[in-house]
Amino acid sequence: KLGERSSVAADFHIKGLPDWRNTHYGVKLEDVRLYSTDVIPVVTNVVNKPLPRNVMDIIKRVTWLNMNATFDGKLSAFKVNANMRSSAGDVKADVAISRKREGYAIKGDVVTDNLGVGHLLNQKNIHTLDTRATADVLVGNAGIVGSAHANIESIGIGANRYSGIGVTATIDGSEYSVSVASEDNNLGFSLDDHSYIKLSDEEFACNLLFRDVRADLHALGINKRDTLSVLSADQIFVEAQGATIEQMSGVLSLSGVRYIYPAEELKTDLINATVEDIDGNKSILLDTEFFDMAYMSDLDYKQSIDFILKTLKTYVPIMYDANVEYDVPTRGSGISMALLTDARDDRVEALLRAINPKLIIAPNTRADFTYVADTEKLSLRLDSEVLEYAGVMMENAAIDINNINRDSLAIQVHSSSISSGSTPLMTNFSIRGGTCRNRLGLRATFQDSVEHRQGNLDLNALFGR
């Protein structure tokens, strides 16, 4: 008996002592019943030191475990067969372990049934796992060398379950060659068997080629608006290397991309993203048929995100908190960051229809966004012959948002005419004003020289928390 409720019933057959090296051990654990409240103090006393926090947490989450198992063989070569039922799911294992000159050879298979992986690891987005895994590896000074294969019959991730996933990995120390095939109805793909991942203390590197990718975005819960929402790609190629995320360089390329939704099918031949880090100078270049985007900075990515958030909180009233000081760095601070976009209007219109069919833009629409930290320049400029949303139309629309004055974000919107369907509403419409910290000031005007109508509307607001 162990502790208050735990117990072990076992049968031992030992032959060959005192020659322990050649002694044969036959151990049969007929009925093992363990409770985490008993196991923790027993294991702590055996190892004579506190258990690591992550190990302690996993044991606590397995509130009870029932097991029967056998151990058969010598200490240098033995087989273990175990059947375990627990509060976190069921596991069956059949493993052979033998000692070699290079290390320990491990060969066997493991089957899980309704195993709560997410519960054990405290990952709320991961749920139960049903799988069968086999391995034939050598564990020694060179790390792990060998191969492993897993058939994932079912796994819950987020609000969805995925099935029919096969994973094969060849392991050579810190380098992993991987192939994956998913036959799931909602997420199908194959990962080329020449793909590899390299993990070492000095550097991370990967080369991954996905083929025949297909995702049902509605079934996956990503697009809840359209019942028909399927994204597919002939190939997705990922190549990356670097010691850390900050030092990462690589390429992401998608070819033969198609998106099917109720209105039509959107296609593009190539989407390409390049990430580079050269002596701390970072760049991300996104090249598509719809728009291009360039990001350049000598800041770490976290610093860049923090800088953008602080700038937004300085200029956008609803994000401003009077209890926090938001200092935008001054000129000469050494900070350099730029985000530039260039849209291709003829393709953007098709992209916008897929995202929101209520939004329509005319050909020759131009949109530019620029953010440069060392000059503190923030600007958004949009010019379009026609912008339409939900039947409301703006003709000859121009939108200009910038922080030229630095102390505020200036806003200017102009349209020669605003109409609803074929009914004119206002002509010579404009909005002028600005925002800074917790203040917003806007003036909207229109003037109709034909109908002799005009109007002004002033809005001044002070936001507080």
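β25 and strand β26 (residues 439–448) form a hairpin with two residues between them. Arg437 sits in that turn, with a positive phi of about 50°. The two strands pair in the antiparallel sense over seven bridges. Ile431 stands opposite Ala444 in β26. Strands here are DSSP runs of E, at least two residues long, and helices are runs of H or I, at least four residues long; both are numbered from the N terminus. Two strands pair if DSSP finds at least two bridges between them.

Gln412 stands opposite Arg432 in β25. Two residues lie between β24 and β25 in their hairpin, and Gly421 in the turn has a positive phi of about 65°.

## About the model

This is a predicted model: local features need pLDDT of at least 70, side-chain atom pairs count only at pLDDT 80 or more, and totals for chains, interfaces and linings use all residues. Residues are numbered from 1 along each chain as its sequence is written, and side-chain values use heavy atoms, with hydrogens and water left out.

Strand β7 (residues 126–140) pairs with strand β6 (residues 103–116). They run in the antiparallel sense over 12 bridges. The bridge partner of Ala105 in β7 is Leu138.

β7 also pairs with strand β8 (residues 143–157), antiparallel, over 13 bridges. Arg132 has Asn151 in β8 as its bridge partner. Two residues separate β7 and β8 in a hairpin.

Strand β12 (residues 187–199) has an antiparallel partner in strand β11 (residues 175–183), joined by eight bridges. Ser177 is bridged to Tyr196 in β12. The hairpin from β11 to β12 passes through three residues.

β12 is also joined to strand β13 (residues 204–216) by eight bridges, again antiparallel. Leu187 has Ala215 in β13 as its bridge partner. Four residues lie between β12 and β13 in their hairpin. Gly188 lies in β12. Its relative accessibility is 11%, so Gly188 counts as buried (buried means under 20% relative accessible area, exposed over 50%, partly exposed in between, with a 1.4 Å probe and protein chains only). Gly188 and Arg214 are 26 residues apart in sequence, yet 5.1 Å apart in space, C-alpha to C-alpha.

Asp212 is in strand β13. Asp212 has a positive phi of about 50° although it is not a glycine. At 58% relative accessibility, Asp212 counts as exposed. Ala390 is another residue other than glycine with a positive phi, near 50°. Ala390 lies in the loop between β22 (377–389) and β23 (392–402).

The peptide bond from Leu17 to Pro18 is cis, with omega near 10°. Pro18 is found in the loop between β1 (7–15) and β2 (24–35).

## Helix α4

Helix α4 (residues 301–315) has 15 residues. From first C-alpha to last, α4 reaches 21 Å, close to the 21 Å expected at 1.5 Å a residue (the expected span is 1.5 Å times one less than the number of residues).

The buried residues of α4 are Tyr301, Ser304, Phe307, Thr311, Thr314 and Tyr315. They cover an arc of only 150° around the axis, so they lie on the same side of α4 (the arc is that of the directions from the helix axis to the C-beta atoms). The face turned away from that buried side carries the exposed residues Lys302 and Ile305.

## The largest pocket

About 400 Å³ of space lies in the largest pocket. A pocket is an open set of points on a 1 Å grid over the protein atoms alone, where a 1.4 Å probe fits, with protein on both sides within 12 Å along at least five of seven lines. Grid points are joined across faces, edges and corners, and the volume is the space filled by probe spheres set on the points.

The pocket is lined by 21 residues (lining residues have an atom within 4 Å of a point). Leu231, Val257, Ile271, Phe290 and Leu351 lie nearest its centre. At least two lining residues come from each of β13, β14 (230–242), β15 (249–260), β16 (265–278) and α5 (345–355). The lining divides into 17 nonpolar, three polar and one charged (Ala, Val, Leu, Ile, Met, Phe, Trp, Tyr, Cys and Pro count as nonpolar, Asp, Glu, Lys and Arg as charged, and the others, Gly among them, as polar).
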